[in-house]
Amino acid sequence: MTVQTFIPSAVKAASENTVTQPTHTSDVSIKKLYIETQGCQMNEYDSHRMADLLGDSHGYVLTDNPNDADILLMNTCSIREKAQEKVFSGLGRWRKLKEQNPDLVIGVGGCVASQEGDNIQKRAPYVDMVFGPQTLHRLPQMLDQHQAQIEKPKKEKIKLVDISFPDIEKFDFLPEPRVEGFKAFVSIMEGCSKYCSFCVVPYTRGEEVSRPLDDVLAEIAGLAEKGVREISLLGQNVNGYRGETFEDEICTFPELLRLVAEIPGIGRLRYTTSHPLEFSDDLIQCYRDLPQMVSHLHLPVQSGSNDVLQAMKRNHTIDVYINKIAKLRKVRPDMHLSSDFIIGFPGETDEHFAETLQFIKDLDFDHSYSFVYSKRPGTPASDLPDSTPDQVKKDRLAQVQEVIKQSSIHKTDAMLGKVERVLIEKVSDKDPNVLVGTADNTRLVTFIGDATWIGRFAEIEITEIKTLNLVYGELLNLEPDVA
């Protein structure tokens, strides 16, 4: 497919639909919605869309107090061990609220809902609605069904459970996203087809399905028109994106990045979560060619041992990963790298762990999401024998986290005297003369400035290191306002 400048009519239509952000309120006449979000950025994105849906369809506004809510929604995550018990523990607290207010509506969504289905209502019959990640767009209809049943005899009520996988249908029914600040998440694909032996995602979110190219670009263009300057593209295997074009061709992830970079107003691009198998040379060239691409990459590897990777069914070796990062750092020497690590996978020996620890030191990771292995029901790895004591696993994890922490401290300290490109996001809560922004490497940067600069990019010279994630600086250059 040839990459071309994208200015379709859909972009203009998207930019003309101004959506008001939901606000917190104490007016008892206003219907209130409380959402508890567990897990990843995909879940955060989905929770925002739930709020958009119920705000547009039924007039609900968000509250941060579950005691004030008319609807309680729990958006669940099943990645960690005992995720189901965490859900039912939270529902137990909500049960008390429903006993005090029988009209309270309780819904459970996300990956645990997809796994458990109507078992949730069997165990917690006070739950009114159960929906999966791919059916959250049907929430307004489910709420209407629930309300229509309230006056019926109990025996006539039907269970409101929808955990089906209707491909990418939900994006056709979601309203225009509300803008909250100058950053936005945009989901470009759903599900995963990699079937790593430890992972439950293919079973809870389904196989990989990519959104059509025009839909993605129209959403981003609309966000840019509303002041968004940084876009984070989301997907369980985001760099495996294969979106249909209006010419019935397929747009790859690198091609998508080049098109997004051409949208006026978008000054910074991030994405998560990516997979090493899809980290192509074409994608690496985007870092060479597109200044909007941040010098920060999250590329999960899970282990530094080839034996463990094989047991995990990751389908790549450590050498493949290292070679890709070497190519990337050749075009972006200042690249900050983060990853995921599963410690104590079944069969991991002391030698395997030593390989992982050395790998982490060699690659010089900035930070990581690292956990002791959690057995997930229904995954192939859940049947593997595991004789490693829990304390040994915890000790290994502590070693990994300490190595990466020291690397992160070193990288923050190395910012002193350097110039960072910063997206200015707000005025400091402590001093109205101080602005707060984010650098490419995710550190918070504070400096003296004018509140009218918020929403713009600036070059800041770092003059003081305050904490691991907070630095001070001085303004060198303020980029023109693109609004």
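Which residues does Q236 touch, not counting residues up to four places away in sequence? Keep that in mind while you load the view; this is a predicted model.

**Stop one: Q236.** Select Q236 and you land in the loop between β10 (230-234) and β11 (242-244). Show everything in contact and, leaving out residues up to four places away in sequence, you get M42, E190, G191, C192, V201, R205 and T273. Now pick out one of those, G191: the side chain of Q236 reaches its backbone nitrogen at 3.1 Å. With a relative accessible area of 16%, Q236 falls under the 20% cut-off, so it counts as buried.

**Stop three: C40.** Zoom in on C40, in the loop that runs between β1 (32-37) and α2 (41-58). Buried or exposed, or in between? C40 is partly exposed, at 37% relative accessibility.

**Stop four: C77.** Move over to C77, which sits in the loop between β3 (71-76) and α3 (83-100). C77 has 18% relative accessibility, and because that is under 20%, it counts as buried. Display its contacts, again skipping residues up to four places away in sequence: Q38, G39, N43, A83, C111 and V112.

Note on methods: Residues are numbered from 1 along each chain as its sequence is written. This is a predicted model: local features need pLDDT of at least 70, side-chain atom pairs count only at pLDDT 80 or more; totals for chains, interfaces and linings use all residues. Side-chain values use heavy atoms; hydrogens and water are left out. Helices (H or I, at least four residues) and strands (E, at least two) are DSSP runs, numbered from the N terminus. Buried means under 20% relative accessible area, exposed over 50%, partly exposed in between (1.4 Å probe, protein chains only). Contact means heavy atoms within 4.5 Å. A polar contact is a pair of N or O atoms within 3.5 Å; within protein, one must be able to donate a hydrogen and the other to accept it, and residues adjacent in sequence count only if both atoms are side-chain atoms.
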